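Please keep the sequence and the structure in view while reading.

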Amino acid sequence: MSGKPLRAGGSAARIAVIAGDGIGKEVTPESIKAIRAVIDSKNQSARRQIEFIEFDWGADKFLREGVTLPAGAVEMLANDFDAILFGALGDPRVPSNQHAADILLGLRFKLDLFVNARPVELFHDRLTPLRDRSTNDVRFMVFRENTEGLYVGVGGFFKKDTADEIAVQEDVNSRKGVERIIRHAFDYARSNRLKRVCMSDKSNAMTFAHDLWQRVFKQVRQEYPEIESRHLYIDTLAMEVVRDPRQFDVIVTCNLFGDIISDLGAQLAGGLGLAPSGNIHPGRTSLFEPVHGSAPNIAGKGIANPLGSILTAGMMLDFLGWKSESESLRNAVRSTLQENFVTPDLGGDKGTVEVGDWIAARVGSR
Ligand code: NAD
Ligand code: IPM
Ligand code: MN
């Protein structure tokens, strides 16, 4: 992952923390704990400096003050921070999801975080619902276009709340937008020595928007002759990743399809509680969040799985160029899963903080 040069010259990072709502507030502190532990585990001379600054943006603030993304927030994050560690947004008291749209989609769009990187990696055979599949069989990266498509909020209602109502939601695709995410997928494959890139769309039905995806894909892939490039319609892709996930190294797709296929992928690797993601613009302040949401059905019970957030923290450290710290976090997560020290979503009986404490202790001892 191409990182961002740290403002303080390589060893100190400033991280904005937006824990958000629901289980976002429960899992994010465990990630911070894990990061602090991994940093403390290094000898004094190799030790990194990191600063976490918390922002209380989310449903409570919105309901209290009517504020979603405060004025000046985007400029502040872009100028004063290296990365953003994000929990989740979503609250039953805000059925419109207005605050999540303003804050999460707002930051993706306004910071121009065009790469949504969602790795799917099976850490232990027992975690996949697929029969006879093991860790080597489920390992691919989903690159979801993150600034365009059906998410841009262009559209409207006509004759709202009448029997003749019409709702329009536009799918916006720019040549530059499509090209940069497809190119990113090929560059990632090349730099990680991965052989296969699969672009997925619905060009048989979406004959304008995804015709553009087709044409750009055919053009860009010519620059990467050593990489096997392939196209699958999104419905077929959904079927094929379940039938035989070994076919995939890198998948690149549009915003909405990437949202869906990444949850499907998450389940193949043990579920939403384990899935990390990065919203990235190489070289700029980027935002890291677990794939899951605020899980109102388990929020406040202390049983949310913190491992997705901790793996997310690992992706963030990787982005900052802190490879060995990132690897230590991943190894600690792998050990937790091997020893089955896990929360109820993975069949265990441990709590969020217990798992977080276990990781922090383990990360420090390796
Ligand atoms: P969700 O991801 O919150 O939950 C889906 C299911 O997975 C639930 O059964 C939940 O208990 C379980 N789950 C999710 N994360 C878990 C974890 N860490 N540990 C254990 N179990 C976990 O999705 P949803 O229920 O569709 O959405 C709830 C709210 O979250 C909505 O408001 C939605 O818009 C929002 N949401 C936000 C984000 C985000 O902030 N990035 C992502 C997805 C959904
Ligand atoms: C995700 C979420 C968001 C999305 C929602 C909360 C808008 O599902 O990050 O995957 O669809 O991008
Ligand atoms: Mn999603």
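This is a predicted model: local features need pLDDT of at least 70, side-chain atom pairs count only at pLDDT 80 or more; totals for chains, interfaces and linings use all residues.

Strand 4 supplies three residues, the largest share, to the lining of the second largest cavity. Residues are numbered from 1 along each chain as its sequence is written, chains are lettered from A and ligands numbered from 1 in the order in which they are written, and side-chain values use heavy atoms, with hydrogens and water left out.

## Cavities

Both kinds of space are found on a 1 Å grid over the protein atoms alone: a cavity is a set of points where a 1.4 Å probe fits but cannot get out, while a pocket is an open set with protein on both sides within 12 Å along at least five of seven lines, and lining residues have an atom within 4 Å of a point. Grid points are joined across faces, edges and corners, and a volume is the space filled by probe spheres set on the points. How many cavities of 30 Å³ or more are there by this rule? The count is two.

The second largest cavity, to which strand 4 gives the largest share, holds about 30 Å³ of space. Its lining consists of Arg118, Pro119, Val120, Ser262, Ala266, Ala275, Pro276 and Val291. Strand 4 (115–121) and helix 8 are the elements that give two or more residues to this lining. To sort residues by class, Ala, Val, Leu, Ile, Met, Phe, Trp, Tyr, Cys and Pro count as nonpolar, Asp, Glu, Lys and Arg as charged, and the others, Gly among them, as polar. On that basis the second largest cavity is lined by six nonpolar, one polar and one charged residues.

The largest cavity has about 40 Å³ of space, and its lining is made of Gly149, Leu150, Asp171, Met206, His210, Cys254, Asn255, Leu256 and Phe257. Here helix 8 (residues 255–268) provides the largest share, three residues. The classes in the lining of the largest cavity are five nonpolar, three polar and one charged.

## Pockets

| Pocket | Volume | Lining by class |
|---|---|---|
| Largest pocket | about 690 Å³ | 18 nonpolar, four polar, seven charged |
| Second largest pocket | about 350 Å³ | nine nonpolar, four polar, six charged |

In the largest pocket, 29 residues form the lining, and Pro119, Glu121, Met141, Tyr188 and Arg330 lie nearest its centre. Helix 9 gives the most to this lining, with five residues, and the elements that each supply at least two residues include strand 5 (139–145), strand 11 (276–280) and helix 10 (323–338).

The second largest pocket has 19 lining residues, of which Leu89, Asn97, Leu104, Arg108 and Asp259 lie nearest its centre. Helix 4 contributes the largest share of this lining, five residues, and strand 3 (83–88), helix 4 (98–110) and helix 8 each supply at least two.

## Ligands

Which ligand sits in the second largest pocket? Ligand 2 does, where sitting in a pocket requires that more than half of the atoms of a molecule lie within 2 Å of its grid points. Around ligand 2 are Arg108, Arg118, Arg144, Tyr151 and Asp259, a residue being near if one of its heavy atoms lies within 4 Å. This shell divides into one nonpolar, no polar and four charged residues.

A polar contact is a pair of N or O atoms within 3.5 Å; within protein, one must be able to donate a hydrogen and the other to accept it, and residues adjacent in sequence count only if both atoms are side-chain atoms. An N or O atom in the side chain of arginine 108 is 2.7 Å from an oxygen atom of ligand 2, and for tyrosine 151 such a side-chain atom is 2.5 Å from an oxygen atom of the ligand. The protein covers 74% of the 320 Å² of accessible area that ligand 2 has on its own, with accessible areas coming from the Shrake-Rupley method with a 1.4 Å probe, and for residues only the protein chains shown counting as cover.

Ligand 1 has 21 residues around it, of which Glu289, Gly293, Ala295, Asn297 and Asn305 come nearest. An N or O atom in the side chain of asparagine 297 is 2.8 Å from an oxygen atom of ligand 1, while a backbone N or O atom of leucine 89 lies 2.9 Å from an oxygen atom of ligand 1. Of the 800 Å² of accessible area that ligand 1 has on its own, the protein covers 68%.

Definitions and conventions: Helices (H or I, at least four residues) and strands (E, at least two) are DSSP runs, numbered from the N terminus.
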